[in-house]
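Trainee: Could you take me closely through one part of this structure, element by element? I would like the pairing of the strands first, and then the packing beside it in the chain.

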There are 2 protein chains.
Amino acid sequence: MSTNPYYGQEGHGPYELISIGALDLEEGGKIPDCRLAVATHGALNAAKDNAILVPTWYSGTSKIMEQVYIGKGRALDPEKYFIVVVNQIGSGLSTSPHNSDGALAGPRFPKVRIGDDVRAQHRLLTQHFGVERLALVVGGSMGAQQTYEWAVRYPDMVRRAAPIAGTAKNTEHDFVFGDTLSDAITTDPGFRGGDYGEPAEVAAGLKRHAKIWTVMGWSTDFFRAGRHKALGFDSVPAFVDNFMTGYFAPMDPNNLLAMAWKWQRGDVSRNSGADLAAALGRIKAKTYVMPISHDMFFPPGDCEAEQRLIPGSEFRPLKSIDGHLGLFGTDPAMLAQLDGHLNELLAAPAA
Amino acid sequence: MSTNPYYGQEGHGPYELISIGALDLEEGGKIPDCRLAVATHGALNAAKDNAILVPTWYSGTSKIMEQVYIGKGRALDPEKYFIVVVNQIGSGLSTSPHNSDGALAGPRFPKVRIGDDVRAQHRLLTQHFGVERLALVVGGSMGAQQTYEWAVRYPDMVRRAAPIAGTAKNTEHDFVFGDTLSDAITTDPGFRGGDYGEPAEVAAGLKRHAKIWTVMGWSTDFFRAGRHKALGFDSVPAFVDNFMTGYFAPMDPNNLLAMAWKWQRGDVSRNSGADLAAALGRIKAKTYVMPISHDMFFPPGDCEAEQRLIPGSEFRPLKSIDGHLGLFGTDPAMLAQLDGHLNELLAAPAA
């Protein structure tokens, strides 16, 4: 176990650490005391029908969901809804490689799948919060993977689903992209097979990882339009160094690798003998599939192919040249589109 | 100097090695005896007005241009034209890191720019072949960079220009992509700062480099459509291992790095005080700008922005989900489109 000031209440709180007990893992092994870092907004009503679950993405925490997506007057309005943001396992806030001890510490952390997160969240919601139905599950990227997994695994519990910029079954192209990200980290001699002392010893690998994110995370249109300048950076190198590298540098490499491994293998068809159509056909939630127009690795085409397999679903792409990392909230117009779709979805009759 | 059986007449011939003498380089220093590997098809006519120049792309040689683009009945028809395919400096066939001695050997090879190649080719064409006008310059990717450089630098010599899947001024996004490719190689401990014994010692780095190419070289639509299967590979991992990694594995890492450095810095505005519009405004060649619809790093949008700056030019995108590496000739329909455009261009009145 190592301390890492990045993952603290100061930068990412307030959140509450809630133990859901021992979690058996799909790949074998278990997390003996699985703790989920949870941020809630608003209150559960008497009918217990206003709960919204928001899972998190690769490298993200509940903080960015709060800052960018939740607020009075927004679709995710704490005055109307009880919004539960759950940081994924490996995120650095919930049980993760860097904050685990002994047999689970660092590179010895067991392989965790999207399905493990979703089962852990299910226990949290039902046992800790007494929530039996969800008005909505909404998340971006790996949060979309968890959203799909929720809708397939617990079709009677999820009334509405809004997967943003993510897929139900990860593509093989995206798997290779994940490899390139992880390779950038693990090939740094300072990584030492995961037994580095602190993230700074893996700074070069984390920077290479940030560069690959720069190439794939935004879009060619983003850079042609000089969006990096609009965001306050004089040049692309400054953007790479100060924004992208600065963002990832304090994070724990083993945490990132645990999340990347999970991301690469997201696949709801594991619930149905590898039959994706059967898995998505189970969904009862009213589902809006919302890719981002210029996303280079969860592109609209891949998302639309899945959307067609979901009964009663709608394809609601978001238009933004910011691409995948528009999820960061860099494009207010995209957030406005998103809120419009979510308001409509929340107003729609649902399962 | 090292021998590398990959770069031989057997795999890439026939070609002729032609010395163009000492070449002073834009970055300083010189290549004392610059030799260009040249493959010609057809014969120069009496009027000396049927010459076509074809420069090569990153990792490519004159062989693939011959196999995929040149032939009787094709737009590039040796029965009509004198087609000169010139392997770029650093390609492994022309003067390159791996086949240079002493002060130029391996990692000590000087930095070469697109402009250096084009001046070397100009000397070759005028002094060796006695060609004073070019009916067409056509090339893909780095070949497009050289095509643009030709049209800007020698506007009175180039009658027609067909840059395919490349830009006149490399984008900053593409520069970062280039970094990720080079980083994959140079971070391999076996690379030893360029002083490896043979490419196999850098196999792991070359494989990572091939994976990044897999992510960016084709397109998400290519993989969704199972195009890798149509090309004869059972799975994406088999495609990565046997096709992509197999393709790059025998190549010399220092050669690849020399080409990548050059590619990242392609910029015709160096001829006009960094004024891209002024540089492209000089072009007299009838120019068809031909990006590939699904190219992830020389995308149509970037190419069209440049096309608008070229007097009398036309935007002629090629439609293929194979993306950038459709240049390999994997999509016959795209080649048919290309031939159609080139036939039209060659029939058009030109400068």
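Mentor: In this predicted model, strand E5 (residues 51-55) of chain B pairs in the parallel sense with strand E6 (residues 82-86) of chain B over five bridges. Two strands pair if DSSP finds at least two bridges between them; strands (E, at least two residues) and helices (H or I, at least four) are DSSP runs, numbered from the N terminus. Within this pair, B:Leu53 stands opposite B:Val84 of E6(B). Both strands belong to an open sheet of eight strands in chain B, with the order E1-E4-E6-E5-E7-E8-E9-E10 and mixed pairing. Its edges are E1 (16-19) and E10 (314-315), each having a single partner strand, so one side of each lacks a neighbour in the sheet.

As to helices of chain B, H3 (residues 114-128) and H4 (residues 142-153) pack with their axes 9 Å apart, at an angle of about 65 degrees. Axes are lines fitted to C-alpha atoms over the stretch in contact, with angles from 0 to 180 degrees between N-to-C directions. H3(B) is therefore roughly perpendicular to H4(B) (65 to 115 degrees). Residues in contact (heavy atoms within 4.5 Å) include B:Ile114 and B:Leu125 of H3(B) and B:Met142 and B:Trp150 of H4(B).

Residues are numbered from 1 along each chain as written, and chains are lettered from A and ligands numbered from 1 in written order. Local features need pLDDT of at least 70, side-chain atom pairs count only at pLDDT 80 or more, and totals for chains, interfaces and linings use all residues, while side-chain values use heavy atoms, without hydrogens and water.

Notes. Angles under 35 degrees count as roughly parallel, over 145 as roughly antiparallel, 65 to 115 as roughly perpendicular and the rest as oblique.
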